[in-house]
Amino acid sequence: MEEVLLSCEDRMLKTIASLKEGFAALRTGRASASLFDRIRVDAYGEKSPLNQNANISVPEARLIVIQPYDKNLISEIEKAIRTSELSLNPSNDGKVIRISIPPLTEERRKELVKLAKNNAEQSRVSIRNIRRDGNEELKKLLKESKLTEDNEKKGAEELQKLTDNYINQINKILEEKEKEIMEV
């Protein structure tokens, strides 16, 4: 029973981590280096993460400065940012790339909140699927006589507590992200 619960909790933790990672890439009106976590640059014939090819800093609330480790990559980095789904317009002076983060329109904020809610709902579904898998595993152990009925019920209750806990975490993370997006 413990193995099943630990396995489910581990998968639930990964779901939460994945949600946080997805939310970090959601653009708010504020500059953040994490916006570029998913951007990959064609460097030396291979796609690699932007943060491995450049230093990303946020000197002001609405400005991001990207300083390539190799000046020859500046155009590739610029191209990767332009073609990303971030809708940003980088400019460079030959040494560094500057990106001004424009304030979001009300309409765009609402779209982002909708997207965040959708991501959170997908995470909730994942958590529930993990619970279902755990319950099936407990029933299988019961059929194989590796678990008593009482322990199976107890395991299912523990699994439900885990599920409730992680769904509450998802709701809190979503609430924080909504506030961040709607902040002017």
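Two strands are taken to pair if DSSP finds at least two bridges between them. Helices (H or I, at least four residues) and strands (E, at least two) are DSSP runs, numbered from the N terminus. The model is predicted: local features need pLDDT of at least 70, side-chain atom pairs count only at pLDDT 80 or more, and totals for chains, interfaces and linings use all residues. Residues are numbered from 1 along each chain as its sequence is written, and side-chain values use heavy atoms, with hydrogens and water left out.

Strand β1 covers residues 40-43, and strand β2 covers residues 46-49. The two strands pair in the antiparallel sense over 4 bridges. Within this pairing, valine 41 stands opposite serine 48 in β2. In a regular strand, side chains alternate between the two faces of the sheet. In β1, Val41 and Ala43 form the covered face. Arg40 and Asp42 form the uncovered face. Most residues other than glycine have a negative phi. Tyrosine 44 is exposed, with a relative accessible area of 63%. Here buried means under 20% relative accessible area, exposed means over 50%, and partly exposed lies in between (1.4 Å probe, protein chains only).

Strands of a sheet pair through backbone hydrogen bonds. β3 and strand β4 (residues 63-68) pair in the antiparallel sense over 5 bridges. They form a hairpin with 2 residues between them. Two facing pairs can be named. Asparagine 55 stands opposite glutamine 67 in β4, and isoleucine 56 stands opposite isoleucine 66 in β4.

Alanine 54 also lies in strand β3. Alanine 54 is buried, with a relative accessible area of 2%. Contact means heavy atoms within 4.5 Å. Leaving aside neighbours within four places in sequence, alanine 54 is in contact with Ile66, Gln67, Pro68, Tyr69 and Ile77. The C-alpha atoms of alanine 54 and serine 126 are separated by 35 Å, with the two residues 72 apart along the chain.

The helices come next. Helix α3 spans residues 106-143. At 1.5 Å a residue, the 38 residues of α3 should span 56 Å, and the end C-alpha atoms are 56 Å apart, which agrees. The expected span is 1.5 Å times one less than the number of residues in the helix. Helix α4 (residues 149-182) was checked likewise. Its 34 residues should span 50 Å, and its end C-alpha atoms are 49 Å apart, which agrees. Serine 145 is found in the loop between α3 and α4. Just after α3, serine 145 takes a positive phi of about 60 degrees. Serine 145 is exposed, with a relative accessible area of 63%.

Helix α1 (residues 2-24) packs with α4 at an angle of about 10 degrees, with their axes 11 Å apart. Axes are lines fitted to C-alpha atoms, for helices over the stretch in contact, and angles run from 0 to 180 degrees between N-to-C directions. α1 and α4 are therefore roughly parallel to each other. Angles under 35 degrees count as roughly parallel, over 145 as roughly antiparallel, 65 to 115 as roughly perpendicular and the rest as oblique. The α1 side of the contact includes Leu5, Cys8, Met12, Leu13, Ile16 and Phe23. The α4 side includes Leu159, Leu162, Tyr166, Ile170, Ile173 and Leu174. The residues of the contact of α1 with α4 divide into 13 nonpolar, 3 polar and 4 charged. Ala, Val, Leu, Ile, Met, Phe, Trp, Tyr, Cys and Pro count as nonpolar, Asp, Glu, Lys and Arg as charged, and the others, Gly among them, as polar.

The axes of α1 and α3 come within 10 Å and cross at roughly 170 degrees. These two helices, α1 and α3, are therefore roughly antiparallel to each other. The residues of their contact divide into 11 nonpolar, 5 polar and 4 charged. The buried residues of α4 pack against α1 and α3. Among them are Glu152, Gly155, Thr163, Ile167, Lys177 and Ile181.
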